[in-house]
Number of protein chains: 2
Amino acid sequence: MIGRLNHVAIAVPDLSAAMRRYRDLLGADVGEATTLLEHGVRIAFVTLENSVVELMEPLDGASPIARFLERRPQGGLHHICYEVPDIASSLEAMKDAGVRVLGPVRVGAHGRPVVFLDPADFDGALIELEEVRPELQPA
Amino acid sequence: MIGRLNHVAIAVPDLSAAMRRYRDLLGADVGEATTLLEHGVRIAFVTLENSVVELMEPLDGASPIARFLERRPQGGLHHICYEVPDIASSLEAMKDAGVRVLGPVRVGAHGRPVVFLDPADFDGALIELEEVRPELQPA
């Protein structure tokens with residue numbers, strides 16, 4: 001079912017500082033910072049040769065990322081996103097297997113449908129599934 | 001400096017259960033479990049189209065993974081590994097920038113030199129650098 005590792009997201013307390021570290025210290029290709037109001041975050045993508053790292057800073061205290069940073073003020077690995085060809089059928093399979101789904105399917109940072117699975121059902125790792133239809137997959 | 005996202009490692013309390021979840025529930029390509037005595041872990045690789053997820057279970061209470069699981073018994077995202085072409089020069093750049101390095105360069109799960117950077121210097125995310133020389137990079 002799962003295809004590519006779409007991205008790994010890191011919650012950071014200071015996006016600008018994190019972007020500088022990835023750009024200047026690790027020599028990576030860091031994009032512009034973008035605000036995603038509906039997700040309560042400001043993000044920047046680090047484009048690697050085969051995948052992407054998403055740096056995320058909370059916009060305010062109501063953001064789920066703010067709650068993460070309350071527990072881990074330095075930041076930390078937040079979630080891992082796998083691509084699936086059909087999010088509706090993936091969701092059905094998860095529910096059939098008793099996996100808890102966190103909230104409804106929403107539109108993610110890439111403008112595609114995403115959903116989060118309860119970390120309690122996946123070894124404490126927060127998993128995002130993102131629908132990337134086969135005809136849209138990178139060659 | 002950093003090239004590919006080599007792998008993401010997830011600490012798990014029960015490797016067999018985690019392998020089943022990735023194989024049966026997520027439909028992923030899960031390899032055989034392997035014991036790495038010198039790292040104190042039993043691991044299995046989940047091979048995705050563009051990268052790898054490493055599932056890690058501690059061999060005993062002395063394993064660093066065991067200490068991670070004491071804090072997070074369900075498991076969790078443990079580290080992210082980036083490839084570098086020359087680990088010695090990467091290390092020098094890190095030390096010059098004041099980044100703390102955790103222990104010496106060792107031989108990692110893929111038989112190549114690896115080193116870990118202090119999460120305190122990278123937004124709480126534990127980063128592993130793995131040397132993959134350009135002539136050994138996958139095409």
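The structure is a predicted model. Chain B and chain A meet in a contact that takes 44 residues from chain B and 44 residues from chain A. The buried residues of helix 3 of chain B pack partly against helix 1 (15-25) of chain A, and the buried residues of helix 3 of chain A pack partly against helix 1 of chain B.

**Helix 3 of chain B**

- Helix 3 of chain B spans residues 87-96, and its buried residues are B:Ile87, B:Ser90, B:Leu91 and B:Met94. These residues lie on the same side of helix 3 of chain B because they cover an arc of only 100° around the axis.
- An α-helix has 3.6 residues a turn, so residues three or four places apart point the same way.
- B:Glu92 and B:Asp96 are exposed on the other side of helix 3 of chain B.
- Within chain B, the buried residues of helix 3 pack against strand 6 (76-84), strand 7 (101-107), strand 8 (113-117) and strand 9 (127-131).
- At the start of helix 3 of chain B, B:Asp86 places a side-chain oxygen within 3.1 Å of the backbone nitrogen of B:Ala88.
- Just after helix 3 of chain B comes B:Gly98, with a positive phi of about 85°.

**Helix 3 of chain A**

- In chain A, helix 3 covers residues 87-96, where A:Ile87, A:Ser90, A:Leu91 and A:Met94 are buried. Seen down the axis, these buried residues fall within an arc of 100°, so they line one face of helix 3 of chain A.
- The other side of helix 3 of chain A carries the exposed residues A:Ala88, A:Glu92 and A:Asp96.
- The packing partners of the buried residues in chain A itself are strand 6 (76-84), strand 7 (101-107), strand 8 (113-117) and strand 9 (127-131).
- The N-terminal end of helix 3 of chain A is capped by A:Asp86, which has a side-chain oxygen 3.1 Å from the backbone nitrogen of A:Ala88.
- A:Gly98 follows helix 3 of chain A and has a positive phi, near 85°.

**The interface between the chains**

- The size of an interface is often given as the accessible area lost when the parts come together.
- For chain B and chain A, the buried area is about 3600 Å², and carbon and sulfur atoms give 63% of this area. B:Leu26, B:Leu77 and B:Asp123 supply 21% of the area that chain B buries against chain A, more than any other three residues.
- The interface holds 16 residue pairs in polar contact. On the side of chain B that touches chain A, the elements giving two or more residues are strand 1 (5-11), helix 1 (15-25), strand 6 and helix 3 of chain B. Strand 6 of chain B gives the largest share, 6 residues. By class, this side of chain B has 27 nonpolar, 11 polar and 6 charged residues.
- The interface also contains 2 salt bridges.

**B:Asp123**

- B:Asp123 sits in the loop between strand 8 and strand 9 of chain B.
- B:Asp123 counts as buried because its relative accessible area is 4%, where buried means under 20%.
- A salt bridge joins B:Asp123 to A:Arg21, with the closest N and O atoms 2.7 Å apart.
- B:Asp123 touches several residues of chain A, among them A:Ile10, A:Val12, A:Pro13, A:Ala18, A:Gln74 and A:Gly76.

Definitions and conventions: Residues are numbered from 1 along each chain as its sequence is written. Chains are lettered from A and ligands numbered from 1 in the order in which they are written. This is a predicted model: local features need pLDDT of at least 70, side-chain atom pairs count only at pLDDT 80 or more; totals for chains, interfaces and linings use all residues. Side-chain values use heavy atoms; hydrogens and water are left out. Buried means under 20% relative accessible area, exposed over 50%, partly exposed in between (1.4 Å probe, protein chains only). Helices (H or I, at least four residues) and strands (E, at least two) are DSSP runs, numbered from the N terminus. The arc is that of the directions from the helix axis to the C-beta atoms. Contact means heavy atoms within 4.5 Å. A polar contact is a pair of N or O atoms within 3.5 Å; within protein, one must be able to donate a hydrogen and the other to accept it, and residues adjacent in sequence count only if both atoms are side-chain atoms. Buried area is the accessible area (1.4 Å probe) that two parts lose on being put together, summed over both. A salt bridge is a side-chain nitrogen of Lys or Arg within 4 Å of a carboxyl oxygen of Asp or Glu. Ala, Val, Leu, Ile, Met, Phe, Trp, Tyr, Cys and Pro count as nonpolar, Asp, Glu, Lys and Arg as charged, and the others, Gly among them, as polar.
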